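Here's a quick walk through one structure, starting with a pair of annotated residues and ending with a sheet. Have the model open as you read.

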Amino acid sequence: MSEQPQNAAAATEEPEYQSGFGNHFSSEARPGALPRGQNSPLICPFGLYAEQISGTSFTAPRKHNQRSWFYRIKPSVTHKPFDRRVPRHNRLVGEFDRSTSSATPTQLRWRPADVPDSPVDFVDGLYTVCGAGSAFLRHGYAIHMYAANKSMDNCAFCNADGDFLIVPQQGRLWITTECGRLFVSPGEIVVLPQGLRFLVDLPDGPSRGYVAEVFGVHFQLPDLGPIGANGLAAPRDFLVPTAWFEEKFHPGYTIVQKFGGDLFVAEQDFSPFNVVAWHGNYVPYKYDLNKFCPFNTVLIDHGDPSINTVLTAPSDKPGIALLDFVIFPPRWLVSEHTFRPPYYHRNCMSEFMGLIYGVYDAKADGFLPGGASLHSCMTPHGPDTKTFEATIAHGKGADPFRIKDTMAFMFESYLIPRVCPWVLDSPYLDCDYYQCWIGLKSHFSSEGSDRTGGAPQVEIMAVKGD
Ligand SMILES: O=C(O)Cc1cc(O)ccc1O
Ligand SMILES: [Fe+2]
């Protein structure tokens with residue numbers, strides 16, 4: 001047995017991790033449990049079963065190929081048949097079409113959802129907000145949110161549809177996976193790859209967060225282009241579990257499997273967290289967003305948000321994301337004679353945003369931690385009236401300014417999301433969202449004004465004189 005505490009919910013210390021992104025990792029909770037020199041010996045060390053999990057097709061090009069080998073006490077196949085779960089509240093979607101969801105160009109914003117008083121675990125507290133494509137066709141994504149208050153009990157979750165990128169906003173997550181355990185706090189994110197079994201304990205009780213799920217592709221680090229070899233999220237800051245197992249007889253243990261957006265259950269009589277050793281590159285990992293090394297303009301204008309991409313799930317089109325995960329972390333704003341908040345814009349990509357803590361610099365009011373917004377393809381958006389007026393009142397010669405104590409993020413996709421009925425009918429929908437821009441008035445003057453943009457004359461002269 002490993003040295004980790006037995007009761008996941010009671011544990012509050014970080015377990016041991018391995019570090020790196022895309023590595024071929026290996027870990028043994030019992031020395032000698034990994035077979036040497038081959039993956040599937042006739043008899044494995046300690047009488048373990050060898051089992052492979054493939055996260056890409058067998059024949060995927062080597063640079064994309066992902067798989068891991070588990071050495072476990074009993075193989076995953078040892079369970080009763082899957083049964084469709086009687087939906088307690090069927091709020092998960094795996095195929096986005098007219099029967100499940102609707103599309104709207106309206107700007108949407110939601111207040112943070114209350115965590116219910118009645119006992120709800122991570123799986124029951126998970127609901128789809130929007131998405132595009134189909135888990136069956138292996139193309140698309142879903143954006144979910146969760147509000148839960150109790151640990152999963154006697155059950156594990158397995159998402160056959162896609163990878164989960166979880167962004168906790170309130171409450172820490174103790175996540176037990178087949179590869180070992182991860183302790184994830186708000187301000188960190190965790191990626192749980194398709195098909196990996198896991199359970200979520202909530203040591204802090206009421207918990208809330210966001211989930212991006214991608215179908216048919218895995219997250220990768222963005223290319224850095226002219227930035228060079230360093231910057232943004234560093235591979236060494238991604239943390240992967242070390243092997244942890246329990247040898248428990250668990251009568252009535254259930255595996256809850258999300259398959260095409262529906263939940264199925266299968267019963268078995270042992271813990272699925274019985275992997276004594278493993279190796280491979282198909283792994284769960286976590287990342288602390290405060291480790292991000294942001295790059296930005298150091299002279300003029302507002303850079304596009306892609307500069308803050310932490311992870312990207314690529315589409316087949318070069319440079320175009322099925323889903324980018326972008327953050328807006330604390331940073332210095334130093335640009336001269338520049339409107340520093342995000343610009344007004346319309347985007348062919350669709351933008352879902354959430355706020356983990358603090359205030360987002362485009363919205364003085366109404367966009368709250370735990371809340372969300374959605375600006376779909378070509379839907380106009382930008383700073384609210386209060387932010388615009390405060391920015392121009394402050395004048396052209398703003399000093400360097402440090403944006404502090406905030407962490408907003410965006411899931412951005414080239415596929416247009418359809419939105420689920422329960423979030424459109426939700427009491428948390430901010431029906432007055434449009435009002436935040438209605439007060440933007442014309443500052444136009446055909447005589448020109450002292451608000452006319454551009455570099456002050458004196459700076460232009462200085463450049464010319466050089
Ligand atoms: O709309 C938003 O708030 C996200 C965003 C931020 C930014 O700095 C530039 C463009 C953009 O879409
Ligand atoms: Fe935007």
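## The annotated pair

UniProt, in an unreviewed entry, lists Tyr360 and His381 under "binding site". The two are spread over 22 residues of sequence yet cluster in space, with a largest C-alpha distance of 14.0 Å. Keep in mind that this is a predicted model.

## Where the two residues sit

Tyr360 belongs to the loop between β24 (350-357) and β25. It counts as buried because it has 24 C-beta neighbours inside 10 Å, and the cut-off for that is 20 or more. Setting aside neighbours within four places in sequence, Tyr360 is in contact with Phe328, Leu355, Phe367, Thr406 and Ala408.

His381 is found in the loop between β25 and α1 (385-394). Here 23 other C-beta atoms lie within 10 Å, so His381 is buried. Leaving out neighbours within four places in sequence, its contacts are Gln107 and His375.

## Around ligand 1

His381 also turns up in the shell of ligand 1, together with Pro305, Pro342, His345, Glu351, Ala362 and Met410. By type, that shell splits into four nonpolar residues, two polar and one charged.

## The sheet

β24 and β25 are part of an open, antiparallel sheet of six strands, ordered β6-β25-β24-β27-β22-β21. β6 (108-110) and β21 (309-314) are at the edges with a single partner strand each, so one side of each has no neighbour in the sheet. From one strand to the next, the twist averages 15°.

Arg109 has Ser373 in β25 as its bridge partner.

Conventions:
Residues numbered from 1 in each chain as written. Chains lettered and ligands numbered in written order. Predicted model: local features only at pLDDT ≥ 70, side-chain atom pairs only at ≥ 80, totals over all residues. Pairing = 2+ DSSP bridges. Helix = DSSP H or I, 4+ residues; strand = E, 2+ residues; numbered from the N terminus. Axes fitted to C-alpha atoms, helices over the stretch in contact; angles between N-to-C directions. Near = placed C-beta within 6 Å. Nonpolar A, V, L, I, M, F, W, Y, C, P; charged D, E, K, R; others polar. UniProt positions renumbered as here; feature names shortened; annotations may be inferred. Buried ≥ 20, exposed ≤ 12 C-beta atoms within 10 Å, placed from the backbone. Contact = placed C-beta atoms within 7 Å.
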